Amino acid sequence: MKNPPAISSRAKNLQASPLRKLAAAAETRKKTGVKVYHLNIGQPDLPTHPDVMTAVRKFNEPTIAYAPSNGLAPALQAWSSYYKKLQIDLKPEDIVITTGGSEGIIFALEAVCDANDEVIVFEPFYTNYNSFASLAGVTLKPVTLDIKDGFHLPSERDIVKAISKKTKAILICNPSNPTGTIFSKAELARLVKIARRYNLFILSDEVYREFAFENKHYSIMDFPAIRQQAVVLDSASKRFNVCGARIGIVGSKNKDVIASVLKMGMARLSVATIEQLALIPLLTNPKKYTSPITKEFKKRRDIVYTGLKKIPNITFSKPEGAFYIIIGLPIDDADRFASWMINQFHNNKETVLLAPAAGFYATPGKGKREVRLAYMLKEKDLKRSLELLRLALAEYNS
Ligand SMILES: Cc1ncc(COP(=O)(O)O)c(C=O)c1O
């Protein structure tokens, strides 16, 4: 019998999530009676607010019909009112509701780039940007950030060096997954200046907007000079603890961008009807829901920061937002260390699952000695996880 035809090289080259690499090992270890603390993945552990569940139950139509491709009118209105409260000018017609922020990022890349165009990203970056770029046939051009600068932006000159004739956009994540960095107004102004000079789009992933612990978070929409080049990528997932609702948006004042994203939306028909509606109460009164979550994450950030200070010879900065931190470890290879920790190390039958940071870099060899922690555990477990990390490093290096 003949072999079946080969799958596409696009599919072959697509990365499997590096975050899930050690997940199978963790499951095996758990079966041996070892408790595993997950510091590897950013799935919030807090309950979804009961108002969302009430809104889901309230749905009383005879049919779950397709929604319009750009989104249901009351949902678009609710997103627009959410932005208005933040002084962000996005009218319902400037918004397309998407199946999570993920679909929105793919649509936005496809809307502004042709195949083989380049998009500048700052590494370490959200690792799924790799897959989104592959699907869109776009090449990511990384500009490396430095852990010693708290992963803040380099000089204008260093950013401009990455621009070529093929560059169409700069993709940022602010507040950042995986670094927890928030770009200042001055840093964003630097990007705006570059984007205007080289006529580039700025695609701004702001899904962690509310999780800003000290300094004010600025949106790319706070820069009127770049209105026609700015695209906001957003999601309800993390800010409202509704990851499974799969609701995000693409927002822009550029009518061509929104019309293009909508055409893609038309091809996939619509986004989940009930979930769009169920989020309306949250979008209309966002602070009620986001304030307690932000307070909880800030508390956890402080626990992590204090816990990490007790570990000798590691490098890190205080995260300013989101719920992630990258730390530099005094080891040869974070992949090997994380694998050893999950397969062999334990203290009183407990260990930790880490995310090696190389998967957040596009430049080969970068992030080899770094790991990302997502602080999605309750206070006691978080403290214990950091203690386990300290003990593991001491044992690994002895
Ligand atoms: C930076 C960033 N952008 C986008 C997303 C996509 O989220 P969703 O598709 O759940 O809206 C995530 C999810 O973890 C993320 O961390």
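# Close-up views of a predicted model

**View 1. Contact between helices α2 and α13.** Ala25, Ala26 and Arg29 in α2 meet Ser339, Ile342 and Asn343 in α13; two residues are in contact if their C-beta atoms, placed from the backbone, lie within 7 Å. By class, this contact of α2 with α13 has 3 nonpolar, 2 polar and 1 charged residues. Ala, Val, Leu, Ile, Met, Phe, Trp, Tyr, Cys and Pro count as nonpolar, Asp, Glu, Lys and Arg as charged, and the others, Gly among them, as polar. The axes of α2 (residues 23-31) and α13 (residues 334-343) come within 9 Å and cross at roughly 20°, which makes α2 roughly parallel to α13. Axes are lines fitted to C-alpha atoms, for helices over the stretch in contact, with angles from 0 to 180 degrees between N-to-C directions; angles under 35 degrees count as roughly parallel, over 145 as roughly antiparallel, 65 to 115 as roughly perpendicular and the rest as oblique.

The model is predicted: local features need pLDDT of at least 70, side-chain atom pairs count only at pLDDT 80 or more, and totals for chains, interfaces and linings use all residues. Residues are numbered from 1 along each chain as its sequence is written. Helices (H or I, at least four residues) and strands (E, at least two) are DSSP runs, numbered from the N terminus.

**View 2. Valine 36 in strand β1.** Valine 36 is found in β1 (residues 35-38). Valine 36 counts as buried because it has 21 C-beta neighbours inside 10 Å. A residue is buried if 20 or more other C-beta atoms lie within 10 Å of its own, exposed if 12 or fewer, and partly exposed in between, with C-beta atoms placed from the backbone. Leaving aside residues up to four places away in sequence, valine 36 touches Ala26, Arg29, Lys30, Thr351 and Leu353. The C-alpha atoms of valine 36 and alanine 26 are separated by 6.9 Å, although these residues are 10 residues apart along the chain.

**View 3. Surroundings of the ligand.** The ligand is surrounded by 13 residues, and the closest are Gly100, Gly101, Ser102, Ser235 and Ser237. A residue is near a molecule or strand if its C-beta atom, placed from the backbone, lies within 6 Å of it. Helix α5 (residues 100-112) gives the largest share of this shell, 3 residues. The shell divides into 4 nonpolar, 8 polar and 1 charged residues.

**View 4. Helix α4 and its cover.** In α4 (residues 73-85), Ala75, Leu76, Ala78, Trp79, Ser80, Tyr82 and Tyr83 are buried. What covers these buried residues includes β2 (95-99), β8 (247-251), α10 (273-278), α11 (280-284) and α12 (286-309). Just after α4, glutamine 87 takes a positive phi of about 60°.

**View 5. Lysine 299 in helix α12.** Lysine 299 has its place in α12 and counts as partly exposed, with 14 C-beta neighbours inside 10 Å. Lysine 299 and glutamate 379 are 80 residues apart in sequence and 8.4 Å apart in space, C-alpha to C-alpha. Pro286, Tyr289, Phe297, Arg301 and Val304 are buried in α12.

View 6. Most residues other than glycine have a negative phi, and most peptide bonds are trans. The bond from glutamate 123 to proline 124 is cis, with omega near 5°. Phenylalanine 151 has a positive phi of about 60° and counts as buried.

Terms used:
The expected span of a helix is 1.5 Å times one less than its number of residues.
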